[in-house]
Amino acid sequence: MLFDDSGLSDGSISVLFAIWGLTAVVFEVPSGAIADRFSRRSCLVAAGVLHAFAYASWVVFPSFWGFALGFVLWGLGGTLTSGAFEALLYDGLAANGDESSYGRLNARIDTIELIAQVPVAVLATALFSLGGYQLAGWVSVAMCLLSSVIALRFPEPERGSDDDLGYLETLLTGLREAVPIKRAVLAVALVYAIDAIEEYLPLLVKNWHVPTVWVPLATIGIPLLGAAGASLAGRLPLRGWVLFASGLVLIAAAVLAVPAAIVLVGLFYGLYRFVLVHVETDLQHRIETDARATVTSVASIGAEFVAFGVYGLWVLGSALAIGVLILVVALVIWRR
């Protein structure tokens, strides 16, 4: 909404998202190897600082180029987080012989992450009412820096013999590891890319005649239903038709294009999050080397390429076109 209210068109906003994605494409796998070779915890700390600078750029320079700079910084921070967090979590469990519980814990983390958006939406509404984008932006900067402080306290277990490899050897090990489990990598890449639509949801709701100040509260049910789907993923097995059904629900919401259709968007998001937790968990269980962050980053870079399609489809046909893309992805995953 900040970009839209700053006078940017849908096309310009999609270009910004493409810059974000291109940054991830360039740095995703190298940053994963950095996490594997050196310190995953340090990567998380650095990511929070970069995200803080990204928000600051948007607040201080509210123009296309200021937003572009912010997305480059955000993309760099995202690549440092992607893979490093999953690897830190999985290896921490494995150090205690609890890696089998990764799926349930991953589902719980996704659930908490989504539920946290509810108080954040309320806070965002209050901050916007009191000080507009400036106040909301500076509070976001502070929260990113706080996340870095918290990350400093994460325990980091010792790793095996692969930890003695140099950076290049670590990178090559991760790339080789991705080949025999390419189906799991592909599944994560295709499904995770769909999450790019989350960036457009506030704009979508605003286009359905919801006033800007009420958008955070109007969309508050979407992360709650997403949390429900993620939570159920820790208890129920995956069925191939679930992702297909989520695409149909999103298409129905796009056709209705009224505020009441926000409920359907929430249902879509819950079904989608259910699938995402399952494919992410399956990938982590299949990785057998210490280059875990690098392999996860390979899946993430694949997701970025698919996300370019999401950005383009938004310009061409908004949520309706993205819903059709989800149907195609569902057929590919279903048949894998």
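Start at Thr111. Setting aside neighbours within four places in sequence, Thr111 is in contact with Ala227, Ala230 and Ser231. Contact here means heavy atoms within 4.5 Å. This is a predicted model: local features need pLDDT of at least 70, side-chain atom pairs count only at pLDDT 80 or more, and totals for chains, interfaces and linings use all residues. Residues are numbered from 1 along each chain as its sequence is written, and side-chain values use heavy atoms, with hydrogens and water left out.

Where does Thr111 lie? Thr111 is in helix H6, residues 102-115. Helices are DSSP runs (H or I, at least four residues), numbered from the N terminus. Thr111 has a relative accessible area of 13%, so Thr111 is buried. Buried means under 20% relative accessible area, with a 1.4 Å probe and protein chains only. The side chain of Thr111 also reaches the backbone oxygen of Ala227, at 3.4 Å.

Now look at the partner helix. H6 packs against helix H12 (residues 221-233) at an angle of about 170 degrees, and their axes are 8 Å apart. Axes are lines fitted to C-alpha atoms, for helices over the stretch in contact, and angles run from 0 to 180 degrees between N-to-C directions. H6 and H12 are therefore roughly antiparallel to each other. That label applies to angles over 145 degrees. On the H6 side, Ala107, Asp110, Thr111, Leu114 and Ile115 take part. They meet Pro223, Leu224, Gly226, Ala227, Ala230, Ser231 and Ala233 in H12. The residues of this contact of H6 with H12 divide into 8 nonpolar, 3 polar and 1 charged. Ala, Val, Leu, Ile, Met, Phe, Trp, Tyr, Cys and Pro count as nonpolar, Asp, Glu, Lys and Arg as charged, and the others, Gly among them, as polar.

H6 has another partner, helix H14 (residues 262-286). The axes of H6 and H14 come within 9 Å and cross at roughly 140 degrees. Tyr102, Gly103, Asn106, Ala107, Asp110 and Leu114 in H6 meet Tyr269, Arg273, Val277, Glu280, Thr281, Gln284 and His285 in H14. The contact of H6 with H14 has 5 nonpolar, 5 polar and 3 charged residues.

Finally, move to Ala293 in helix H15, residues 292-335. Is Ala293 buried or exposed? Ala293 counts as buried because its relative accessibility is 0%. Apart from neighbours within four places in sequence, Ala293 is in contact with Gly32, Ala35, Asp36, Arg40, Gly83, Ala84 and Ala87. Ala254 is 39 residues from Ala293 in sequence and 36 Å away in space, C-alpha to C-alpha.

Conventions: Helices (H or I, at least four residues) and strands (E, at least two) are DSSP runs, numbered from the N terminus. Buried means under 20% relative accessible area, exposed over 50%, partly exposed in between (1.4 Å probe, protein chains only). A polar contact is a pair of N or O atoms within 3.5 Å; within protein, one must be able to donate a hydrogen and the other to accept it, and residues adjacent in sequence count only if both atoms are side-chain atoms. Angles under 35 degrees count as roughly parallel, over 145 as roughly antiparallel, 65 to 115 as roughly perpendicular and the rest as oblique.
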